[in-house]
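Dear colleague,

Please find below the structure that I am handing over to you. My findings follow it.

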Amino acid sequence: MEIKKITVVGAGTMGSGIAHVLSQNGYLVNLIDINKSVLEKAINVIRQNMDRQIKKGLMTEEEKEQAIARINTLTSL
């Protein structure tokens, strides 16, 4: 059985970091938090972190957009 989708509950520092790494490595991610503004902040932080990776030559803009597209944000289970 191959894992293709992972759910992360909580979009704080740790949750958003986990979602970042998982999406960057090809997994579909459901990022869940009860607060929509926390989810928005998490996606913005992930984008900023990926922008730093682009500047270091660790990923491309296309890879960033593909990774972000793999993250689905939800406010309930």
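What covers the buried residues of helix H2? The cover includes helix H1 (13–24), strand E2 (28–32), helix H3 (61–69) and strand E3 (71–74). Helices (H or I, at least four residues) and strands (E, at least two) are DSSP runs, numbered from the N terminus. Buried means under 20% relative accessible area, exposed over 50%, and partly exposed in between, with a 1.4 Å probe and protein chains only.

Please note that this is a predicted model, in which local features need pLDDT of at least 70 and side-chain atom pairs count only at pLDDT 80 or more, while totals for chains, interfaces and linings use all residues. Residues are numbered from 1 along each chain as its sequence is written, and side-chain values use heavy atoms, leaving out hydrogens and water.

**Helix H2**

The buried residues of H2 are Leu39, Ala42, Ile43, Ile46, Met50 and Gln53. Viewed down the axis of H2, these residues fall within an arc of 95 degrees, so they line one face of the helix; the arc is that of the directions from the helix axis to the C-beta atoms. In general, an α-helix has 3.6 residues a turn, so residues three or four places apart point the same way. The exposed residues Lys41 and Lys55 are carried by the face of H2 turned away from its buried side.

Ser37 also has its place in H2, and is partly exposed, with a relative accessible area of 45%. After H2 comes Gly57, whose phi is positive, near 80 degrees.

**Helix H1**

Ser16 is found in H1 and counts as buried, at 8% relative accessibility. Leaving aside residues up to four places away in sequence, Ser16 touches Gly10, Ala11, Ala42 and Ile46; contact means heavy atoms within 4.5 Å.

Three strands form an open sheet in the order E1-E2-E3, with parallel pairing; two strands pair if DSSP finds at least two bridges between them. Strand E1 (5–9) and E3 stand at the edges with a single partner strand each, so one side of each is left without a neighbour in the sheet. E1 and E2 pair in the parallel sense over five bridges, and Val9 stands opposite Ile32 in E2.
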